[in-house]
Amino acid sequence: MAASLLPFSPSLLVPPSPKVGTWNSSILSPPALVLHLKRSIPRVNAAAGNASASHDSDLSTELDAVSSFSELVPDTVVFDDFERFPPTAATVSSSFLLGLCSLPDTKFKSAIETALADSECYEKKNPNERMSCFFNKALVHVGADLEKLVPGRVSTEVDARLAYDTKSIIQKVHELLKLYNEVEVSSQRLLFKIPSTWQGIEASRLLESEGIQTHLTFVYSFSQAAAAAQAGASVIQIFVGRIRDWSRTHSGDHDIEAACKNGEDPGLALVKKTYNYIHKYGHRSKLMAAAVRNKQDIFSLLGIDYIIAPLKILQYLKESVTYPEEKYSYVRRLSPGSAKMYNFTEEELIEWDQMSFASAMGPAAEELLAAGLEGYVNQTRRLEELFAKIWPPPNV
């Protein structure tokens, strides 16, 4: 990220690659560790509204210009990149644990072995309860190690198999939080990542009311985004490119077709509407755009809180020494000021409930949410199968 994520503001926390190496973007795969992009030259001062930014005379990269508007997050990481891109925050997830287990040696190996040797889990007679215990312990032990390495928050993935059960989501978060407390990790350093089903959003609302920070993912519709904002979710994540990809091969989604009719990219249009909704009506959620495909996507998102971008795009921006005014006019596309002028329909300004939420989802959100959940569930099952094969670890 372009700035450290301190405990006093909601942190952007996303999972690392399953292979803990080059990120392979796919509809079922989560993005990588959050990283900090170092600046070698002064920032550009962001202009308000739609006015062009002023540029320092010594500005030499497009990356610096873009970074003055939004926090930039690479979606590719290997541990060797820590020197170039020191992480400010991180996520521990089933895919991350799978990646760690595939490596011959890693600084987190002992954390997983400690979890698999835990006597509390070992004594459980029910195999499913024992495996769930191992899974929770592994997440927390690795998360605790990550907490020592980053100044910001550590996000912990909540089992996607619980996505449609509010009570179970809350119970799982409390279980994980209790384990974190036992290893002396403050709740102020934690964020819990939950799928944006209605039940997940309701769990987020209840958890946030307890002071537990949440990150709602798999947002593909305005009903999800608005309900998440009303719930007070700390971070709302929208996948720009996935919505665009769906629109190119499908039809029948009202919101997507309306955006295309207006000459807008449907993914970018959803981000714009959500940002304006959050800022016009005083919601506290931070907005994150993921699955961006090119530099123009980034330019169209300037002003959003966080942008997750492919490393090749960020490297290209960083290596560009052309003065911005020679190639692009850097303009803040999203701002609290312009949000006040955005008009919403009466149907969009309702207090969302489960029925209105479901009826407004649309086929794109339904299909993309289902695909994302399937990917997370498959990762978790693979991890449990691996744990079953390697348990008990040596010397147990």
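**Ground rules**

I number residues from 1 along each chain as its sequence is written, and my side-chain values use heavy atoms, with hydrogens and water left out. Since the model is predicted, local features need pLDDT of at least 70 and side-chain atom pairs count only at pLDDT 80 or more, while totals for chains, interfaces and linings use all residues.

**Entry 1: cysteines**

I looked for disulfides first, taking a pair of cysteine sulfur atoms within 2.5 Å as one. The count comes to 1 disulfide. Cys-121 and Cys-133 make the bond, with 1.9 Å between their sulfur atoms. I get -70° about the S-S bond, so I noted the Cys-121 and Cys-133 link as left-handed.

Then I checked exposure, calling a residue buried under 20% relative accessible area, exposed over 50%, and partly exposed in between (1.4 Å probe, protein chains only). Cys-121 is buried at 0%, and Cys-133 is buried at 9%. I also looked up Cys-101, which is partly exposed at 24%, and Cys-260, which is partly exposed at 42%.

**Entry 2: the largest pocket**

Rolling a probe the size of a water molecule over the atoms shows where empty space is left. My pocket is an open set of points on a 1 Å grid over the protein atoms alone, where a 1.4 Å probe fits, with protein on both sides within 12 Å along at least five of seven lines; lining residues have an atom within 4 Å of a point. Its volume is the space filled by probe spheres set on the points, which are joined across faces, edges and corners.

The largest pocket comes out at about 710 Å³. Which residues lie nearest its centre? They are Phe-222, His-254, Asp-255, Lys-273 and Glu-348, out of 32 lining residues. I sorted the lining into 16 nonpolar, 9 polar and 7 charged residues. My classes: Ala, Val, Leu, Ile, Met, Phe, Trp, Tyr, Cys and Pro are nonpolar, Asp, Glu, Lys and Arg are charged, and the others, Gly among them, are polar.

I also asked which helices each supply at least two residues of the lining. The list is helix 8 (222–231), helix 10 (254–261), helix 11 (266–280), helix 16 (354–360) and helix 17 (362–390).

**Entry 3: helix 11**

Helix 11 is in that list, and I gave it a page. I worked out the expected span as 1.5 Å times one less than the number of residues. For the 15 residues of helix 11 that gives 21 Å, and the end C-alpha atoms are 21 Å apart, which agrees.

Is helix 11 mostly covered or mostly uncovered? It is mostly covered, with 12 of its 15 residues buried. Lys-273 is one of the buried residues, and it also lies among those nearest the centre of the largest pocket. Ala-269 is another residue of helix 11, buried at 15%. Its C-alpha is 8.8 Å from that of Ile-256, 13 residues away in sequence.

At the start of helix 11, I found a side-chain oxygen of Asp-265 within 3.0 Å of the backbone nitrogen of Gly-267. After the helix comes Gly-282, with a positive phi near 75°.

Most residues other than glycine have a negative phi. Phe-218 has a phi of about 60°; it lies in strand 5 (residues 214–219) and is buried at 2%. Ala-291 has a phi of about 55°; it is in the loop between strand 7 (286–290) and helix 12 (295–300) and counts as buried at 15%.

**Entry 4: two loop residues**

Phe-69 is in the loop between helix 1 (62–67) and strand 1 (71–74), and it is buried at 8%. Its C-alpha is 9.3 Å from that of Arg-333, 264 residues apart along the chain.

Leu-162 is in the loop between strand 3 (154–157) and helix 6 (166–182), and it is buried at 19%. Leu-162 and Leu-373 are 211 residues apart in sequence, with 10.0 Å from C-alpha to C-alpha.

Note on methods
Helices (H or I, at least four residues) and strands (E, at least two) are DSSP runs, numbered from the N terminus. A polar contact is a pair of N or O atoms within 3.5 Å; within protein, one must be able to donate a hydrogen and the other to accept it, and residues adjacent in sequence count only if both atoms are side-chain atoms.
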